[in-house]
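Hi everyone, thanks for making time. I'd like to walk you through one structure, piece by piece, so please keep the picture in view.

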Amino acid sequence: MKTKRILSMLLAAIMIFGAVALTSCSKKNDDVYKVGVIQLVTHDALDAATEGFVKALKDKLGEDKVEIEVQNAANSVDTCATIANSFVTKKVDLIMANATPALQAAYNATTTIPILGTSVTEYGVALGIKDFSGTVGSNVSGTSDLANLEKQAQMIIDLVPSAKTVGMLYCSSEANSDYQVKKVTEFLKNKGITCKNYAFSDSNDVGMIAENAAKECDAIYIPTDNTAASCAETIYGKTGKTPIIAGESGICSGCGIATLSISYYDLGYKTGEMAAQILKGEAKIEEMPIAYAPQETKKYNAAICADLGIDVEALKAAGYVALD
């Protein structure tokens, strides 16, 4: 009799547990997903990536099924960490980290909440992963804004054929910038071109460093660098007639003659699609490889080309299109 009573109690407990489990699974369809966005700084590329991400989430999940909180760190690494920790405290369902310092902050803040990066150049470098295979493997995935670096280096040779010395202008605190500079330098050195590094620490010394680079070099290369992007007009004011090849269109619009461009809106949208798959349980983030922009476009800055006396018609003939 006692045995039957115990078995009945166990059966009742199992039935109650099953009912609770089923309730929690089915309830997810009625839940509103909470997503936190950490954006490093305000500038055109990162703004477009966030815009694309938000649009994709709303398209794929429905506007009434997702709450998206966007926080801007005003180019502060410490603020990125504060925002990331606040999202962990709020128990958001997913974090989108827009730019490398934002990704690093989120990565250090949680090992359980899914994290998707965007506007990140090289995830292995950003997260200190040796022999990176293309998939991070933990609670992190995302999209990369890396355009082909050899093609960018070749643009310097094609557009400034007289250049003997090229200055590499970038922020010393951005690991992905350092990675790009090393790759472009390697390519140019193999072509017999001298490369010199001009690393600035922040917006306070970028003007002085840019001015030195312009005085000492025949051309300047700026990678996809968030601090440089936010200081592009300052850089242009200090570099005179020295032509600049930029790693992305936002920098190019402020100080460059040309760039190998991707669409940051499309990149963000792709990140949003990945987020929707994760939130709906259609994909496991640990299995998702890093995704890349679907296409690259050679673009030129008409105003700066005119200022420097560069033949725009020749650029058009070579397949370049004007920046929007």
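This is a predicted model: local features need pLDDT of at least 70, side-chain atom pairs count only at pLDDT 80 or more; totals for chains, interfaces and linings use all residues.

Now zoom out. What is the order of the strands in the open sheet? Reading across, the 6 strands go 2-1-3-4-5-11, with parallel pairing. Strand 2 (66–72) and strand 11 (291–292) are at the edges; each has a single partner strand, so one side of each has no neighbour in the sheet. Helix 3, residues 77–90, packs on the sheet and touches strand 1, strand 2 and strand 3. Compared with the direction of strand 1, the direction of helix 3 makes an angle of about 175 degrees.

Back to strand 3 for a moment. In a regular strand, side chains alternate between the two faces of the sheet. Here, Leu94, Met96 and Asn98 point one way, while Ile95 and Ala97 point the other way. Are they buried or exposed? All of them are buried, and that's 5 of the 5 residues in strand 3.

Next, the cores. In soluble globular proteins, nonpolar side chains tend to be buried together. The largest nonpolar core in this model has 35 residues, and Val166, Met168, Val184, Leu188 and Tyr221 have the most contacts inside it. Take methionine 168: leaving out residues up to four places away in sequence, its contacts include Val181, Val184, Leu188, Cys195 and Tyr221. Apart from that core there's another one, of 26 residues, with Val41, Ala97, Ile115 and Leu127 among them.

Last stop, two helices. Helix 6, residues 149–159, packs against helix 7, residues 175–190, at about 55 degrees, with the axes 9 Å apart. That angle makes helix 6 oblique to helix 7. On the helix 6 side, the contact includes Leu149, Ala153 and Ile157; on the helix 7 side, you'll find Val184 and Leu188 among the residues. And the crossing of helix 6 past helix 7 is right-handed.

Conventions
Residues are numbered from 1 along each chain as its sequence is written. Side-chain values use heavy atoms; hydrogens and water are left out. Two strands pair if DSSP finds at least two bridges between them. Helices (H or I, at least four residues) and strands (E, at least two) are DSSP runs, numbered from the N terminus. Contact means heavy atoms within 4.5 Å. Axes are lines fitted to C-alpha atoms, for helices over the stretch in contact, and angles run from 0 to 180 degrees between N-to-C directions. A nonpolar core is a set of buried Ala, Val, Leu, Ile, Met, Phe, Trp, Tyr and Cys residues joined through side-chain atoms within 4.5 Å. Buried means under 20% relative accessible area, exposed over 50%, partly exposed in between (1.4 Å probe, protein chains only). Angles under 35 degrees count as roughly parallel, over 145 as roughly antiparallel, 65 to 115 as roughly perpendicular and the rest as oblique. A crossing is left-handed if the near helix is turned anticlockwise from the far one by less than a right angle, and right-handed if clockwise.
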